Amino acid sequence: MSTLHEEITSRKTFAIISHPDAGKTTLTEKLLYFGGAIREAGSVKGKKNTKQATSDWMEIERQRGISVTSSVLEFDYNGHHINILDTPGHEDFSEDTYRTLTAADSATMLIDAAKGVEAQTEKLFKVCSMRGIPIFTFINKMDREVREPFEVMEEMENVLGIRSYPMNWPIGMGQNFFGIYDRHARKVELFNPDNPSDVEVRQISGPEDPLLDELVEPSFLSQFREEMELLDVAGDPYDEDKIFRGELTPVFFGSAVSNFGVQNFLEHFLYFAPSPVGRESDQGFVEPVQDLFSGFIFKIQANMNPKHRDRIAFMRITSGKYTQGMTVNHSRLNKTMRLAQPTQFLAQDRSIVEEAYAGDIIGLFDPGTFRIGDTLAGKGNFQFAEMPHFSPEQFAAVSVKDAMKHKSFEKGIQQLTEEGLMQLFQTYNRYPEQQIIGVVGGLQFEVLEHRLKNEYNSDIHLEHLPLTIARWVTGDEKELDTFRKKQRNLAIDRDNKLVALFENEFQMNMAKDKYPNLVFHENSFTG
Ligand code: G4P
């Protein structure tokens, strides 16, 4: 029997961040394949045919035309227990995606080598970098004609501000992709386009090894050797501390669709990626390996089963061990409760969890008891650090059509905000007062309308506003005073924090120039 320490330290909980179409579903599927969680690589892929990608297990949501979830997948590999937090991409991108990242201990950034750093990746990267978690990079689609590796790395540095350390380096690309060279293990993995997953691995003494002359065409080989020399001379040195602090990203090249370079990545990743990391609470840092069970709710998902109007609260276990039916203290309500039948998320479907450890994610049935950020603990009454809100990108004034329905409308707005579907603001210094809804992706408006109508019997008016940025404002009291009086589009959030809403960057920069002693925070953590 393994000990608590072994169980917890064998866990790796991470999220894959990328822009739609970079290959996240494909990469996830290959990782599951290595873990034996699916039988055949390719068996769950195929958005365009009838087969459903495993990570898109919210078929129910899909049938209803909305997909609002981030799923969790877990599998075992070489003695590690791996939890992948799958963040939604595409049009259902939402604040949920950001919050899911707070449950991860590291992230894998997936980049399409032809497209480089794209918008959604940049946003998700910012959240990871704010938390200082290690970030690994997989540069995908090397089987295509793509951009030069140095160019992509330079873009990562310019756009994201992160330096990279290539763990392996591609030899050629596209039609002339010969494989990758693992700089640490000093081996080449040869790409066979006719049978890509049949990888031939050859140990070599280094880039100058004559064996390479037999394997690689001269022009590609000489380019590869030049690049390796340049990397050794001008590249960043290998620095594990920087990797752990998220200041240097180990970079891997490959082709997810061909299942090439994925295992190389996985093995290095498991070596570097942190085991469950503790979290800050109002009573000090909570270490993961200890008898005390604790966790926090980072996401609430409603209506996973349309037959039951239940909600599921996703909890990241922060410390200790969960056992079925255990009793915990709900800190915010200061109430003892029994955790009945939590579910866990396996590759194929959900099942009842009997035990789970720090690092794992479990789903709790929620009759309306949980809010985003709630802390549950085996004993004691402490609260994990508050979960930040991030700037929405679309805003609308909301009101109920039928004034008679006001009460249920207010209740709905309240509950859906607690669930994290959207952010709720109140106009400041403006009469009549208005409720403003902020969302990251436009689909959330549709979800809001749909759910208020179906669950709270309230038809609503949504008046879309020409605003795209929210900033939480603090700073010099006198200047704040003037700002409160003169600035347009001010609001307060649910915690009564002052928020400035702007139409665009230009308008925001004008305010910054005008009020140099104010700080415009990108998220609700205002220090
Ligand atoms: P996503 O979840 O990040 O949105 O991306 P997904 O895995 O669905 O991949 C997007 C497209 O990119 C898919 O093609 C997929 O096959 C392709 N792809 C993923 N990895 C690689 C790779 O390493 N090389 C190449 N050449 N293509 C890759 P599609 O045509 O949109 O879909 P499908 O019909 O192939 O499923």
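Modeller: A residue is buried if 20 or more other C-beta atoms lie within 10 Å of its own, exposed if 12 or fewer, and partly exposed in between, with the C-beta atoms placed from the backbone. This is a predicted model, in which local features need pLDDT of at least 70 and side-chain atom pairs count only at pLDDT 80 or more, while totals for chains, interfaces and linings use all residues. Residues are numbered from 1 along each chain as its sequence is written.

Colleague: Why does Ile372 count as buried?

Modeller: Ile372 has 22 C-beta neighbours inside 10 Å. The definition asks for 20 or more, so Ile372 counts as buried. Over the chain of 527 residues, buried residues make up 44%.

Colleague: Where is Ile372 found, and with which residues is it in contact?

Modeller: Ile372 is in the loop between β22 (361-366) and β23 (375-377). Two residues are in contact if their C-beta atoms, placed from the backbone, lie within 7 Å. Leaving aside neighbours within four places in sequence, the contacts of Ile372 include Arg99, Phe298, Met387 and Glu418. For the chain, take contacts between residues at least 6 apart in sequence: 70% of them join residues at least 24 apart.

Colleague: What makes strand β26 largely enclosed by the rest of the structure?

Modeller: Strand β26 covers residues 435-439, and four of these five residues are buried, so the strand is largely enclosed. Strands here are DSSP runs of E with at least two residues, helices are runs of H or I with at least four, and both are numbered from the N terminus. By that count the chain has 14 helices and 31 strands.

Colleague: How do you know that β26 pairs with β24 and with β25?

Modeller: Two strands pair if DSSP finds at least two bridges between them. Strand β24 (residues 394-400) has five bridges to β26, and strand β25 (residues 423-427) has four. Both pairings are antiparallel. Ala396 has Ile437 of β26 as its bridge partner, and Gln423 stands opposite Gly438 of β26.

Colleague: What is the order of the open sheet of eight strands, and why are β27 and β31 said to stand at the edges?

Modeller: The order is β27-β24-β26-β25-β29-β30-β28-β31, with antiparallel pairing. β27 (460-465) and β31 (518-521) each have a single partner strand, so one side of each has no neighbour in the sheet. Neighbouring strands are turned by 40° against each other on average, direction ignored. Axes are lines fitted to C-alpha atoms, for helices over the stretch in contact, and angles run from 0 to 180 degrees between N-to-C directions. Helix α12 (residues 443-456) packs on this sheet, touching β24, β26 and β27, and makes about 165° with β27. Helix α14 (residues 505-514) lies across β28, β30 and β31, at about 130° to β30.

Colleague: What makes β8 and β9 a pair?

Modeller: Four bridges join β8 (residues 179-182) to β9 (residues 187-190), which run antiparallel. That meets the required at least two bridges. Within the pair, Ile180 stands opposite Glu189 in β9. Both strands belong to an open sheet with the order β7-β8-β9-β10, where the twist averages 20° from one strand to the next.

Colleague: How is the chain divided into domains?

Modeller: Domain 1 is 16-60 + 106-272, domain 2 is 279-377 and domain 3 is 394-521. These bounds come from an automatic or database domain assignment. Taken over C-alpha atoms, the centres of domain 1 and domain 3 are 40 Å apart.
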